[in-house]
Amino acid sequence: MPTADDSAANTDLEAVLATKGDELTRELQTLTARTDDPGGISFGKRVGDGTSVAVERLSQVAAHERLQVMLADVRRAQAKLAQGSYGECDECGARIHPDRLDALPWATHCITCASSR
Ligand SMILES: [Zn+2]
């Protein structure tokens, strides 16, 4: 069994956050490339086609925003890790529950503040 000392745990965390950040950046690039590709989406002449394109476009915008928000959280968590404030809520300063950090390593707010955000 490897010993889980603090430095090893932080290195793991840095790797997890860096990987997630890269992943999100790639997803954002893919999404942007697809949206900007003139051959990707063609507007149909019928109203029905236009509507489905608009809906798809909206869901892409929503996905893009969601990814950007998550990427901002990942970058913030990386900064907090570097500052030594990782695991503390940005809003109220309380310790973020370890279960929450396990599920969401880039969480920058405790569950209470996150749900009221
Ligand atoms: Zn809080």
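Glu 23 counts as partly exposed because its relative accessibility is 31%, where partly exposed sits between buried (under 20% relative accessible area) and exposed (over 50%), using a 1.4 Å probe and protein chains only. That residue belongs to a predicted model, in which local features need pLDDT of at least 70 and side-chain atom pairs count only at pLDDT 80 or more, while totals for chains, interfaces and linings use all residues. Residues are numbered from 1 along each chain as its sequence is written, and side-chain values use heavy atoms, with hydrogens and water left out.

**Overall layout**

- The protein has four helices and zero strands; these are DSSP runs numbered from the N terminus, with helices being H or I of at least four residues and strands E of at least two.
- Reading from the N terminus, the order is α-α-α-α.
- Of the 117 residues in the protein, 27% are buried.
- Accessible surface comes to about 8,000 Å², and carbon and sulfur atoms own 56% of that; such areas come from the Shrake-Rupley method with a 1.4 Å probe, and for residues only the protein chains shown count as cover.
- Take the contacts (heavy atoms within 4.5 Å) between residues at least 6 apart in sequence: 52% of them join residues at least 24 apart.

**Salt bridges**

- The structure holds four salt bridges, each being a side-chain nitrogen of Lys or Arg within 4 Å of a carboxyl oxygen of Asp or Glu.
- Glu 23 pairs up with Lys 20, with 3.3 Å between the closest N and O atoms. The two are three residues apart in helix α1, so about one helical turn separates them.
- Lys 20 counts as buried because its relative accessibility is 17%. Leaving aside neighbours within four places in sequence, Lys 20 is in contact with Met 70, Val 74 and Trp 106.
- Asp 90 and Arg 76 meet through their side chains at 2.7 Å, N to O. This pair ties together distant parts of the chain, 14 residues apart: Asp 90 is in the loop between α2 and α3 (98-103), and Arg 76 is in helix α2.
- Asp 90 is partly exposed at 33% relative accessibility, and Arg 76 is partly exposed too, at 30%.
- Arg 76, Lys 80 and Asp 90 are linked in a salt-bridge network.
- Arg 95 bridges to Glu 88, with the closest N and O atoms 3.7 Å apart. Arg 95 counts as exposed at 62% relative accessibility, whereas Glu 88 is partly exposed at 29%.

**Nonpolar core**

- The largest nonpolar core has 19 residues, and Leu 17 and Tyr 86 touch the most other members. A core here is a set of buried Ala, Val, Leu, Ile, Met, Phe, Trp, Tyr and Cys residues joined through side-chain atoms within 4.5 Å.
- Helices α1 (6-36) and α2 (47-83) each supply at least two residues of this core, and the largest share, six residues, comes from α2.
- Beyond its neighbours within four places in sequence, Tyr 86 is in contact with Leu 13, Ala 77, Lys 80, Leu 81, Arg 95, Leu 101 and Pro 105.

**Zinc site**

- The zinc ion's protein donors are the SG atoms of Cys 89, Cys 92, Cys 110 and Cys 113, lying 2.3 Å from it. Donors are N, O and S atoms within 2.8 Å of the metal (3.2 Å for Na, K and Ca), and sites may look incomplete because water is not among the atoms.
- Along the chain, the donors follow the spacing C-x2-C-x17-C-x2-C.
- Cys 110 and Cys 113 are both buried.
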